[in-house]
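Here is a friendly walk through one protein model, meant for someone meeting structures like this in a first course. Have a look at the picture, then read on.

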Amino acid sequence: MALIPFLIETFNDPITQLIAILAVFGIGLIQGIILGRSILVRFPRLQNHLKTVSVTLFFLFLANAILSVPRFASPEKIDLFNLPAASTGEIASSLFLIFGMNTGFLTILAISVTVMTFVLLKFTNLSGVAKIFVLFSSVLLLLLTGLSRFTDLTPSTFEVLLYFLYQLGFTIGILAGTIRKIKPKNWA
């Protein structure tokens, strides 16, 4: 069953599918550009090494996109009511399971990039509509991911495709947002 079951009928129409694909990719692209530009505004010294920074961020977020799609496609289900909590080791194991850190280094890398994104959001100079847009998109994605882990719902193939396109758009947006220097504003 899909994460959003009431939209299954809607997404059977090819025009609606195309609109959804373009919208999700566009949202990821815009969000990536906004975040990339705001990183350069917040940390202006990065502009001295622009190619290195943009390529590094591109590959880091590309790795995150590639590693997070399988986790989204077939999430490990968590039953909060049956978690063992008898000893300290079992509590730690339960916390690792909840946060998804029990599956290896690559998963930790993907989680670290996601956490880094939220930290960058905190330190960047986003305001107004851009901040609302980025926060809303990030929270919506977090809710959908949580829904897939804590319920019996599993993403459909089309939802996994949309998730991948969002991540790809975000990755390309980071590259586009950090590839060019930001000119200082003249206040004369």
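## Rings that pair up

A search of the whole structure finds 3 aromatic pairs, where rings of Phe, Tyr and Trp (its six-membered ring) pair if their centres lie within 6.5 Å. Phe58 and Phe59 form one that is edge-to-face, with 5.3 Å centre to centre and 70° between the planes. The angle names work like this: planes under 30 degrees apart count as stacked, over 60 as edge-to-face, and the rest as tilted. Ring pairs also link Phe61, Tyr166 and Phe170 into a cluster.

Is Phe59 buried or exposed? Phe59 counts as exposed because its relative accessibility is 51%. Buried means under 20% relative accessible area, exposed means over 50%, and partly exposed lies in between (1.4 Å probe, protein chains only).

## How to read the model

This is a predicted model, in which local features need pLDDT of at least 70 and side-chain atom pairs count only at pLDDT 80 or more, while totals for chains, interfaces and linings use all residues. Residues are numbered from 1 along each chain as its sequence is written, and side-chain values use heavy atoms, with hydrogens and water left out.

## The overall plan

The protein chain has 6 helices and 0 strands, and from the N terminus on its elements run α-α-α-α-α-α. Helices (H or I, at least four residues) and strands (E, at least two) are DSSP runs, numbered from the N terminus. Of the 188 residues, 34% count as buried. The chain exposes about 11600 Å², and carbon and sulfur atoms supply 72% of that area; the areas come from the Shrake-Rupley method with a 1.4 Å probe.

Among contacts with a separation of 6 or more, 82% are between residues 24 or more positions apart. Here, contact means heavy atoms within 4.5 Å.

The unreviewed UniProt entry places the feature "transmembrane region" at residues 15-40, 52-73, 93-121, 128-148 and 160-179. Such annotations may be inferred rather than shown by experiment. In the model, residues 15-40 are 100% helix and 0% strand, with end C-alpha atoms 37 Å apart. Residues 128-148 are also 100% helix and 0% strand, and their end C-alpha atoms are 31 Å apart.

## Two helices side by side in a table

The expected span of a helix is 1.5 Å times one less than its number of residues.

| Helix | Residues | Number of residues | Expected span | End-to-end C-alpha distance |
|---|---|---|---|---|
| α2 | 50-73 | 24 residues | 34 Å | 34 Å |

The buried residues of α5 are Val134, Ser137, Ser138, Leu141, Ser148 and Arg149.

## Inside the protein

Which elements give two or more residues to the largest nonpolar core? First, the core itself: it has 17 residues, and those with the most contacts inside it are Leu57, Phe170 and Ile174. The elements that give two or more residues to this core are α1, α2 and α6, and α6 supplies the largest share, 7 residues. A nonpolar core is a set of buried Ala, Val, Leu, Ile, Met, Phe, Trp, Tyr and Cys residues joined through side-chain atoms within 4.5 Å.

Now follow Gly32, which sits in helix α1 (residues 14-42). Gly32 counts as buried because its relative accessible area is 0%. Not counting residues up to four places away in sequence, Gly32 touches Phe170, Gly173 and Ile174. Gly32 and Phe170 are 138 residues apart in sequence, yet 4.4 Å apart in space, C-alpha to C-alpha.

Gln31 is in helix α1 too, and is buried with a relative accessible area of 2%. Leaving out residues up to four places away in sequence, Gln31 touches Phe133, Val134, Ser137, Ser138, Tyr166 and Phe170.

Another glutamine, Gln167, lies in helix α6 (residues 157-178). Gln167 counts as buried, at 6% relative accessibility. Beyond its neighbours within four places in sequence, Gln167 is in contact with Asn64, Ala65, Ser68 and Leu141.

## A stop in a loop

Thr154 lies in the loop between α5 and α6. With 29% relative accessibility, Thr154 counts as partly exposed. The C-alpha atoms of Thr154 and Ser74 are separated by 7.0 Å, although these residues are 80 residues apart along the chain.
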